[in-house]
Amino acid sequence: MQQPNPRPATPPASLRRAPVQRRSAQRLARILDACAEVLEETGYDELSTRAVAGRAGVPIGSVYRFFPNKRAMAEALARRNLDAYADRITARLAGPADRPLPWRRAMDVVVDEYLAMKRTVPGFALVEFTVPAPRAARQANYEVADRLRALLAGPLGLDAADERLRTAFLVGVETADALLQLAFRSDPAGDPAIVTETKELLRAYLARYLDGAGEG
């Protein structure tokens, strides 16, 4: 089974037109930055293409050149968040190729980088890796799990095509998602006791699949 690359080679499906020039790519980045800022201030329901255009300092036609509506714009922001999340994990776990990566440390990094984005990235609390919609959120967790599995398979010496491992990563992501949402409902900064319990639960669950990988 072919696995997704850590960074998709194709633009998000929500984009009407992919930027081909540097100037166009910069304008798209500015629009998504503005989208995140407006989300942070108003919430998803009040998000509008006009407000984003005003914040980005571009004509509204420039927004519509890339996105047909606010949902497509938020979906592109969610995709960018997932790419940034994968990049942050990759940077944190970079090390000598001949030194096995301890899987428990890798899982802590996966949680810690999510927490860091939740606390510091504009709009992330409202649009993490998908737009606010229960059905879409469930599908997004499949994508997050597959991305993490592809990202960690090499460093941990795992078989990325193992269906049992695929299920384990999905269960881990779904569990962590539910518990970390609870942590932020309990404390705006993320309840540290719940975060600690989340990490312990993930270690205990994944040990049956990952012991023997990295440090064991």
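Visitor: Which residues are in contact with L82, once its neighbours within four places in sequence are left aside?

Guide: With those neighbours left aside, L82 is in contact with F129, E143, V144 and R147. Contact means that heavy atoms lie within 4.5 Å. The model is predicted: local features need pLDDT of at least 70, side-chain atom pairs count only at pLDDT 80 or more, and totals for chains, interfaces and linings use all residues. Residues are numbered from 1 along each chain as its sequence is written, and side-chain values use heavy atoms, with hydrogens and water left out.

Visitor: Why is L82 called buried?

Guide: Its relative accessible area is 3%. Buried means under 20% relative accessible area, exposed means over 50%, and partly exposed is in between (1.4 Å probe, protein chains only). L82 is therefore buried.

Visitor: Where does L82 stand in the chain, and how many residues separate it from V144?

Guide: L82 belongs to helix 4. It is 62 residues from V144 in sequence, and the two C-alpha atoms are 7.5 Å apart in space. A helix here is a DSSP run (H or I, at least four residues), a strand is a run of E of at least two, and both are numbered from the N terminus.

Visitor: What makes V144 count as buried, and what does V144 touch?

Guide: V144 has a relative accessible area of 6%, so it is buried. V144 lies in helix 6. Apart from neighbours within four places in sequence, V144 is in contact with L82, F129 and V173. V144 and F129 are 15 residues apart in sequence, with 7.9 Å from C-alpha to C-alpha.

Visitor: Is N81 buried or exposed, and how do you know?

Guide: The relative accessibility of N81 is 5%, and therefore N81 counts as buried. This residue, too, is found in helix 4. Neighbours within four places aside, it is in contact with M117, V121, F124, V127, E128 and F129.

Visitor: Which backbone atom lies 2.8 Å from a polar atom of the side chain of N81?

Guide: That atom is the backbone oxygen of V127. A polar contact is a pair of N or O atoms within 3.5 Å; within protein, one must be able to donate a hydrogen and the other to accept it, and residues adjacent in sequence count only if both atoms are side-chain atoms.

Visitor: Why is helix 1 described as roughly perpendicular to helix 4?

Guide: The axes of helix 1 (residues 22-42) and helix 4 cross at roughly 100° and come within 10 Å. Angles of 65 to 115 degrees count as roughly perpendicular, under 35 as roughly parallel, over 145 as roughly antiparallel, and the rest as oblique. Helix 1 is therefore roughly perpendicular to helix 4. In this contact, helix 1 contributes A29, I31, L32, D33, C35, A36 and L39, while helix 4 contributes M73, A76, L77 and R80. The axes are lines fitted to C-alpha atoms, for helices over the stretch in contact, and angles run from 0 to 180 degrees between N-to-C directions.

Visitor: What makes a group of residues a nonpolar core, and how many residues has the largest one?

Guide: A nonpolar core is a set of buried Ala, Val, Leu, Ile, Met, Phe, Trp, Tyr and Cys residues joined through side-chain atoms within 4.5 Å. The largest has 41 residues, and Y85, I89, L148, L152 and F169 have the most contacts inside it. Two or more residues each come from helix 4 (70-93), helix 5 (103-120), helix 6 (134-156), helix 7 (163-186) and helix 8 (192-210). A second, separate core has 26 residues, among them C35, A53, F66 and M73. In soluble globular proteins, nonpolar side chains tend to be buried together.

Visitor: Why does F169 count as buried?

Guide: F169 has 6% relative accessibility, and so it counts as buried. This residue of helix 7 touches M107, A145, L148, R149, L152 and L158, not counting residues up to four places away in sequence.

Visitor: Why is E200 called partly exposed?

Guide: E200 has 43% relative accessibility, and therefore counts as partly exposed. E200 is found in helix 8.

Visitor: How many helices and strands does the chain have?

Guide: The chain has eight helices and zero strands. Of its 216 residues, 43% count as buried.
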